[in-house]
Amino acid sequence: MTAINRKLLRDLGRMRGQAVAIALVIAGGVATLVTALGTISSLEDTRTAFYQRYRFAHIFARARRAPQHLAPRIADIPGVMRTQTRIAHDVLVDVAGLAEPARGRLLSLPTDGRPALNDIVVRTGRGLRTGHVDEVIVNVRFAEANDLVAGDTVSANINGKRRRLRIVGTALSPEFVYAISPGEVVPDNRRFGVLWMSRTALEAAFDLKSAFNDVSLALRRDAVAEDVVARLDDLLEPFGGTGGYSRREHVSDAFLRSELEQLRLMARVLPPIFLGVAAFLLNIVVARLVETEREQIGILKAFGYSNAAIGWTYLKLVLAIVLAGVVSGWILGAWMGHGMTGLYADYFGFPFLRYTMAPSVFAIAGAVGILAAAGGALFAVRRATRLAPAVAMQPPPPTIYGRSSGGGFLQTFVPQMRIRPATRMLLRHIARWPARSLLTCAGMAFAVALLVSSLFFFDAIDEMMDAFFSRTQRQDVTISFTEPRSENVLYEVAALPGVLAAELYRAVPVRLRHGHHSRLVALTGIDEGADLSRLVDVHDAPVALPPAGLVLTSSLAKLLGAGAGSTIDVEVLEGSRPTRTLPVGAVVEEFVGTAAYLSRGALTELMRESPAASGAHLLVDPLTQRRLFQQLKATPLVQSVSVQGTTLATFRAIVDETMGAMASFYVLFASMIAIGVVYNAGRLSLSERARELASLRVLGFTLGEIAYVLLGELALLTLLALPLGCLLGYGIAAYLTASFDTELMRLPLVILPATYGYSMLVVIAATTVTSLVVARRLARLDLVAVLKARE
Amino acid sequence: MTTSDQTDATTAISFRTVGVTKVYQRGETEVHALRGVDIEILDGEFAVLMGPSGSGKSTLLNILGGLDRPTAGAVFFRDREISALDAKGLTIFRRASVGFIFQFYNLIPSLTACENVQLVTEISRDPMAPEEALRLVDMGDRIDHFPSQLSGGEQQRVAVARAIAKRPEVLLCDEPTGALDSATGITVMEILERVNAELGTTTLVITHNSGIADMADRGLAFGDGRIVDTRTNTTKRPARELAW
Ligand SMILES: Nc1ncnc2c1ncn2[C@@H]1O[C@H](COP(=O)(O)OP(=O)(O)OP(=O)(O)O)[C@@H](O)[C@H]1O
Ligand SMILES: [Mg+2]
């Protein structure tokens, strides 16, 4: 090894603490990038493989009752590659051990062979046997949540009759990667199940011999989805078609996409924070190194080492640190990516997991890390090469401190204030290197901001749920009927045990069109002055129901490119299928869901029917809830029951589980940044002031007193950084909410004081521990050596 | 002087400066460190530069050694005008021809004595072995010691070894004994004397020590950026006999 390389190694050894701290920060940036990119590519690959292998359809449509001979005509639509007809029905399911009735989605499986589309993966138990009409396969999540295994039975109200179904197996399906029941905003695996039964059994049960009410299509590569949907709708219209839709509107796929979107956002926002901080740290550390070694650089130049050779030496030092960071980032990222992908696989129902960590992911993350960090240090390295040899040989002139910065400005406001010399020293030191002090402060602020902007997700989701469940949907229970009922049903409903209040609603499937935008939604008719299911905007202000106009949620309005005052073509896909053009009376700000409302009177008029109800919202006495549920389970007219509180609780549990893991990563990352910044700032300050501090010791100052001079500076900068970080975190959260705006949900920008508090506490803790580590070096200060050494 | 001596004289000149000035700009004020220096240093000559503090000695030495450039005037080494060289040219010049010794040794603290010498031998064309250079300065038994483990005199001897290890054509020494007691200083001067005599290395020494002038071929007195006096010694006193 050459002598200059040996010098490099020993330099590195001497500053290993700082090197490790910087490498840690770089590792954080690279790890987040690897994690995000790796998880994204793993999930995408898994999704593609799952969809392909189990033939997930491209187009979906339902009808009331279509004759089977329509199927070949559907298959003849240009662009259609494959079709699968089936029978689908939503039913009320009674599970032993579950007080509330669950919602079941019955789906038929062909009696002969595999389905052409939307195949299932049997995970436990076996497939259905022909001739056994009471056999059922349930989705894995539902079985797990309710402790159901092959051999258990559940009851379902099928077409008015209560049927016992025997579970023979559990399965996963590409249609239910994200298993959520129609109309719900959050998944509830206990209370929503998919039940696959044989086609023959369902044909008999729903009186659909040689008919179907659900069809899926797979398209050729060159097909235009909109055209196929239009042709399909034309074919199904006479048979009560409720409108075809593509994967984009498929709820499971949409959730999956939204999750991937969130990951992409993470890949965009987090790594730049880390790498920016790392670049700054490398710059100040190398700048300091060059400063302390200016005489050595001078000597090297005097003896004929070229500028390039010297620059390269320092660059190698930088690269060594960066590479250490990149490699540990790779390892950390691969590990975290694995964990995250596992979490997602758990969260989503994938039968297998393609954990693909493409080399390109590592290459990209590595290159980004090296470029950012080395770029930051290049400035300092250039300084080394620029030092004129003669100048480098002279010791640097004594640091020039300004008088003014010694707290003088404080005294102009409070003249009687006495500032201790030690305080003056630390204030002047901060003011002497304003850029560095600022950057140190900024680094810590970023640590706080990182925490605020990641923990904010908890607040946002809470707020979202709170807005949805406590302000808008204030009912305890919502029931839907198998068929629309006359208004008189209200008396029946109100007479159910424990019902304190009841409100009817009418919901019909419609297609809304505005310009070239179109969307399938449920148009809900609600009563003027309804108190349980209210129209309230995000600011909690009630929205008046316009007499004849539509009310759209903000996300739906955005999808349709419409606003208050726009006129919308409404095509009802039920009953006499009327079409009408209606104005948008109001747009209400909601965080979740794409919904459209109309006054129930106006809807009745639009439907040209007598006043009717699709279901009811109930306020329930909690004490008699059990009895109510029992009664509902036995009421054939009820198709589904959803219970708000339990839904909310299960969702919280899911959120806590998945986001909890994420949150601990963020705490780790933020601590890494804080430690990196504080340790480096402390060590630099110590190296610059060792002489000064030693002199103070010689003069009789105690260790505590000189620690105050050294650490007071850090404490002051931290104190400044905390509010700055909160502000910055708010800014990043604002950016995130603005960017994270999928069709499914918007995030409210809500950050609780506790979140700020916790974020600051984490950073204060990391700062304190790190400062103490630096302070320990003060005790080891060699007074004689420091005073003897030439500046 | 014979004719052959004269023809030799043109090639036997090591350094020649013509009207070298150096002005430092320090904010508003200008510091004239050198105000026109014309000197010739002969090949193999042992010259001593003396003069009050701030008179420009170091400045001149740095310019001769290619560490710095004059504001005006020309500097020749042998037949080359080094004041016309760019940074790269100066680097090559220093690497090939010059050895430096400084008052504060300027060893690399993170390298051992031997490695400090290696630092230079590695980039030279025809160097001595580092151990040999250290033996020349009587430091053969301390090759694995770090600078912090050596006394000032020992450090300076390592610095001398480092300077001579590449067999430079000139040795430029800025107050090499400035930080040493007289006995140690004499040891160092003896080494320089020996190198000058045995290797024929042109040697320029800045010193505040008038005694040292006695061992030189020539003493140049500096004052206010100019050479104010030149004294040629007909007989040189051996360094061993010096005292201060
Ligand atoms: N980099 C510089 N910038 C500004 N002025 C300088 C610089 N280097 C030297 N000087 C000034 O040039 C003048 C000559 O300095 P120089 O170091 O050559 O003196 P010296 O004769 O070596 O003194 P000493 O015996 O104290 O070492 C001095 O006035 C000094 O202040
Ligand atoms: Mg000098």
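How many salt bridges does a search of the whole structure find over all chains? The search finds 45, where a salt bridge is a side-chain nitrogen of Lys or Arg within 4 Å of a carboxyl oxygen of Asp or Glu.

This is a predicted model, in which local features need pLDDT of at least 70 and side-chain atom pairs count only at pLDDT 80 or more, while totals for chains, interfaces and linings use all residues. Residues are numbered from 1 along each chain as its sequence is written, chains are lettered from A and ligands numbered from 1 in the order in which they are written, and side-chain values use heavy atoms, with hydrogens and water left out.

Start with the nonpolar interior. A nonpolar core here is a set of buried Ala, Val, Leu, Ile, Met, Phe, Trp, Tyr and Cys residues joined through side-chain atoms within 4.5 Å. Buried means under 20% relative accessible area, exposed means over 50%, and partly exposed is in between (1.4 Å probe, protein chains only). The largest core has 232 residues. A:Leu282 and A:Phe669 have the most contacts inside it. Helix α19 of chain A, residues 644-698, gives the most to this core, with 25 residues. Helices (H or I, at least four residues) and strands (E, at least two) are DSSP runs, numbered from the N terminus. Domain 1 (52-254) and domain 2 (473-648) of chain A both contribute residues, so the core lies between them. Those domain bounds come from an automatic or database domain assignment.

What does A:Phe669 touch, not counting residues up to four places away in sequence? Its partners are A:Gly28, A:Ala31, A:Thr32, A:Phe274, A:Leu332, A:Met336 and A:Leu450. Contact means heavy atoms within 4.5 Å. In soluble globular proteins, nonpolar side chains tend to be buried together.

Next, the strands of chain A. Two strands pair if DSSP finds at least two bridges between them. Strand β17 (residues 579-588) of chain A pairs with β15 (residues 550-553) of chain A in the parallel sense, over four bridges. Here A:Thr553 stands opposite A:Val588. Strand β16 (residues 567-572) of chain A pairs with β17(A) in the antiparallel sense, over five bridges. A:Asp569 stands opposite A:Thr581 in that pairing. The hairpin of β16(A) and β17(A) has six residues between the strands. In this hairpin, A:Gly575 takes a positive phi near 60°.

Chain B has an open sheet. Six strands form it in the order β7-β8-β9-β4-β10-β11, with mixed pairing. β7 (98-102) and β11 (226-232) of chain B stand at the edges with a single partner strand each, so one side of each has no neighbour in the sheet. Neighbouring strands are turned by 15° against each other on average, direction ignored. β10 (residues 218-223) of chain B and β11(B) pair in the antiparallel sense over six bridges. B:Arg218 stands opposite B:Thr232 there. Helix α3 (residues 87-97) of chain B lies across β7 and β8 (170-174) of chain B and runs at about 80° to β7(B). Axes are lines fitted to C-alpha atoms, for helices over the stretch in contact, and angles run from 0 to 180 degrees between N-to-C directions.

Now back to the salt bridges. The side chains of A:Arg162 and A:Asp94 meet at 2.8 Å, N to O. A:Arg162 lies in strand β8 (residues 161-172) of chain A and A:Asp94 in strand β3 (residues 88-94) of chain A, so the pair ties together parts 68 residues apart in sequence. At 47% relative accessibility A:Arg162 is partly exposed, whereas A:Asp94 is buried at 15%.

A:Glu609 forms a salt bridge with A:Arg506, with the closest N and O atoms 2.8 Å apart. A:Glu609 sits in the loop between α17 (600-607) and β19 (612-620) of chain A, and A:Arg506 in strand β13 (residues 499-514) of chain A, 103 residues apart. A:Glu609 is partly exposed at 24%, and A:Arg506 is buried at 3%.

In chain B, B:Arg142 pairs with B:Glu154, with the closest N and O atoms 3.0 Å apart. B:Arg142 is in the loop between α5 (130-136) and α6 (152-164) of chain B. B:Glu154 is in helix α6 of chain B, twelve residues apart from B:Arg142. Both count as buried, B:Arg142 at 19% and B:Glu154 at 17%. B:Arg142 also touches B:Ala113, B:Gln149 and B:Leu150.
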